[in-house]
Amino acid sequence: MDYKDLADLIFPDAKPIAYYEEKYPERNLPEGAIVTRFAPSPTGFVHIGGLYQSLIAKTMAEKTGGVFFLRVEDTDQKREVENGVTDIVNSLKDFDMPPDEGMISDSEEIGNYGPYKQSLRKDIYQAYAKFLIEQGKAYPCFCTPEEVDHIRKKQESAKIRPGYYGVWAKCRNLTVEEAIEKIKNGEKYIVRFKSPGREDRKIKHKDVIKGNVDFPENDQDIVIIKADGLPTYHFAHAVDDHLMRTTLVIRSDEWLSSVPLHLQLFASLGFRPPKYAHISPIMKNDNGNKRKLSKRKDPEAAVSYYREQGIPADAVKEYLLNIANSSFENWRRANPDKDIKEFDFQMNKMSVSGALFDMVKLLDISKNVISKYDANKVYTESLKWAESYDNELKDILSNKEYSIKVLNIERGKAKPRRDISKWSDVKYCIEYMYDDKFFNNRDEYEFDKISDKEEIKKILKLYISKYYNEADDQTTWFSKIKDLAEELGYAREVKEYKKEPEKWPGHVGDISTVIRVAVTKRRNTPDLYEIMHVLGKDSVEKRINLLAE
RNA sequence: GGCCCCGUGGUCAAGAGGUUAAGACAUCGCCCUUUCACGGCGGAGACAUGGGUUCGAUUCCCGUCGGGGUCACCA
């Protein structure tokens, strides 16, 4: 009896690997095209780090005329979560980064290299596992989890390197006959890789991002097929990325230390290994320590958070790109209106250490992004957000025509207003422009320098009866406020007042502040002229008369 | 603990054997301005540390310290 008999006994129905090699041929792509992927497990919400990886992957694929695909790594049913795949698909959609190939819904996929869900690829993994067993490069292991655990404890107490390797790998040296007998006796087993490595030898790896990294060879006989017949990550990675013809594996740098194993697996299977790019995760400052953004502790770790907050996807992508290539910022300044796809992203310029997540910076970028949107887009986007997260804002925005006028205040100019950094800011920014809200607002008026009620009344009364004219252009409008100031004994020009402040009780700015507060209940607003213009005569008069009468 | 990676202002970061060590965000001040926002100008603020190598090191090498990752029938 030989390895072949053993392999046939374990995987009697597996196809020869030639079948799959033929079914999934080399891709016909231009020279230098990068085939890469996002390969998450459906174990919960999509992490910002996953989005970051996808952005980089998608960018590289697009840049080189390659392929970006989505593969779902659902080989651990225990950790699987309901709607996991749908969440992943939708998240990519939300950020306008749909894959060229792979899963497009919970059950549908596109592309010729599928299935793209690992649980559907069981036969394929088993075929390759069988192939390894036939060659004596893998073997059934009958150790129970308890035994393995016991071995580990022994190693730990003896202070030797833990793991299933060398003399500790009990089942590695079972004869074919012994193994076959155990199987026939019904003993449970899993399949382990028979590592050809030696710990005292080094291997060289050149990572696209990390550069040259040398490791000891892998000598662990890792599990490749679990008790449930599904592969472990390592084995699935080798088989899938070979069969899907991945050329560049972009993944989080927690995988860096598995590279020796993965390279060994590729070699043993006779595959050409892909290139690897291990990216540093996005970190968070936690009491002075850096740690990865955590799904449990940090709401901003979930990509859904940004949608909930109303931070546009464009802004999140710009922020991420900025972390990845800091030259992006300069490029953006030089090319304020270009699509980010035109940015010449350089993978090898990525930082090797993890960046701390900076919400303040993100919001600044977001503010810039939004400031470039026209009123129409701001309207559409904030309404879309409000429909899911803010009914009050949704109501406010129900008058489309008026709302667009409101949102257009100081917008669309060379130096547009920057005051909205997320859609959840919109309500505060505009609510006073709506009579419903304004007249139901119970807040006190907070006047500034001129706070005497009678004086305010006097100013407003005179303004509304003598100086306010809706038809005035901005210059006339303001010169009339100056006239008003003068008539009431205030300085007509702020500059004059500043020269001799004792000469007047205040200046034209103080007068306009009174009007501003009366009209908006705010001390700080965009341009008052535009505001009054958008509000219209009736509303302005009503608001002023409220205090003037 | 073993192995691996990393260490430039508060944050993201550029950078090169010789630089006044960029820029952005944040912060502070001033200017502009009827408020705010925008914009302009300016300030403060950094090469973790100790040894080498060198005429010269923040840059190269080694150690130390600090941070991170990894050591599963999880990915």
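At what angle do helix 22 and helix 23 pack, and how far apart are their axes? The first view answers this, and every view shows a predicted model.

**View 1. Helix 22 packs with helix 23.** Helix 22 spans residues 508–520, and helix 23 spans residues 528–535. Their packing angle is about 35 degrees, and their axes lie 11 Å apart. The crossing of helix 22 past helix 23 is left-handed. Helix 22 contributes Ser-512, Ile-515, Arg-516, Val-519 and Thr-520 to the contact. Helix 23 contributes Leu-528, Ile-531, Met-532 and Leu-535. By class, the residues of this contact are 6 nonpolar, 2 polar and 1 charged.

**View 2. Strand 10 pairs with strand 11 in parallel.** Strand 10 covers residues 248–252, and strand 11 covers residues 275–279. The two are joined by 5 bridges. Ser-252 faces Ile-279 of strand 11 across the pairing. Between the two strands the chain passes through helix 9, residues 259–269. This β-α-β crossover is right-handed. Strand 10 is mostly covered, with 5 of its 5 residues buried.

**View 3. Four strands form an open sheet in the order 1-2-3-4.** Pairing in this sheet is mixed. Strand 1 (35–38) and strand 4 (109–110) are at the edges. Each has a single partner strand, so one side of each lacks a neighbour in the sheet. Strand 2 (residues 67–70) and strand 3 (residues 101–103) run parallel and share 2 bridges. Leu-70 stands opposite Gly-102 of strand 3.

**View 4. Helix 3 and helix 4 lie across strands of the sheet.** Helix 3, residues 48–64, lies across strand 1 and strand 2. Helix 3 runs at about 160 degrees to strand 1. Helix 4, residues 84–94, lies across strand 1, strand 2 and strand 3. Helix 4 runs at about 150 degrees to strand 2.

**View 5. A cis peptide bond links Gly-114 to Pro-115.** Omega of this bond is near 0 degrees. Pro-115 sits in the loop between strand 4 and helix 5 (122–134).

**View 6. Asp-96 has a positive phi.** The value is near 55 degrees, in a residue other than glycine. Asp-96 belongs to the loop between helix 4 and strand 3.

**View 7. Lys-159, not a glycine, also has a positive phi.** Phi of Lys-159 is about 55 degrees. Lys-159 lies in the loop between helix 6 (145–157) and helix 7 (176–184). Its relative accessibility is 78%, so Lys-159 counts as exposed; the cut-off for exposed is over 50%.

Conventions
Residues are numbered from 1 along each chain as its sequence is written. Chains are lettered from A and ligands numbered from 1 in the order in which they are written. This is a predicted model: local features need pLDDT of at least 70, side-chain atom pairs count only at pLDDT 80 or more; totals for chains, interfaces and linings use all residues. Side-chain values use heavy atoms; hydrogens and water are left out. Buried means under 20% relative accessible area, exposed over 50%, partly exposed in between (1.4 Å probe, protein chains only). Two strands pair if DSSP finds at least two bridges between them. A crossover is right-handed if, with the strands pointing away from the viewer, the path from the first strand over the helix to the second runs clockwise. Contact means heavy atoms within 4.5 Å. Axes are lines fitted to C-alpha atoms, for helices over the stretch in contact, and angles run from 0 to 180 degrees between N-to-C directions. A crossing is left-handed if the near helix is turned anticlockwise from the far one by less than a right angle, and right-handed if clockwise. Ala, Val, Leu, Ile, Met, Phe, Trp, Tyr, Cys and Pro count as nonpolar, Asp, Glu, Lys and Arg as charged, and the others, Gly among them, as polar.
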